[in-house]
Amino acid sequence: MPAFAFGLPVLPGQEGTIRRMSEEVLNSDSLQNAYAQSRRNLGITKEMVWLQRTPIGEMVIIYWETENPQNVLREMANSQDEFDSQFRQFIENSAPAIDLSQEQPLSNELLFEWPPS
């Protein structure tokens, strides 16, 4: 399964919001179920999220295993699912470096891979 990782800078003062969202998803059966269904619908088979502190502020690091990450982002942008709508709002308010309205909202370049494929 192809893997994809990206980082989003967190707006100042929004670290707590990101932590609360994570805790809410982890501690609520209904949110866990909505989250799991959202990820299945989007084609994400694995997702991992880190909060990375840097000298210039916090970043959210996201890792996905999915066949087509750009398609996931397009589907997320257009989804009418309630959880996806809340997630879009969360991203816009906390880490708005990603523009889900764009055709290619992420631009990253793989510099190297080990071991080589």
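Predicted model: local features only at pLDDT ≥ 70, side-chain atom pairs only at ≥ 80, totals over all residues.

Trainee: What do the buried residues of α1 pack against?
Mentor: The buried residues of α1 pack against α2 (29-42), β2 (44-54), β3 (57-66) and α4 (82-94). Contact means heavy atoms within 4.5 Å. Helices (H or I, at least four residues) and strands (E, at least two) are DSSP runs, numbered from the N terminus.

Trainee: Which residues in α1 are buried?
Mentor: E15, I18, M21 and V25. Buried means under 20% relative accessible area (1.4 Å probe, protein chains only). Seen down the axis of α1, they fall within an arc of 130°, so they line one face of the helix. The arc is taken from the directions from the helix axis to the C-beta atoms.

Trainee: And which residues of α1 and α4 meet?
Mentor: T17, I18, M21 and V25 in α1 meet F83, F87, F90 and S94 in α4.

Trainee: Switching to α2, how does its axis cross that of α4?
Mentor: The two axes come within 9 Å and cross at roughly 90°. That makes α2 roughly perpendicular to α4 (65 to 115 degrees). Axes are lines fitted to C-alpha atoms, for helices over the stretch in contact, with angles from 0 to 180 degrees between N-to-C directions.

Trainee: Which α4 residues does α2 meet?
Mentor: F83, D84 and F87 in α4 meet L31, A34, Y35, S38, R39 and L42 in α2.

Key: Residues numbered from 1 in each chain as written. Heavy atoms only, no water. Buried < 20%, exposed > 50% of the residue type's maximum accessible area, 1.4 Å probe, protein only. Parallel < 35°, antiparallel > 145°, perpendicular 65-115°, else oblique.
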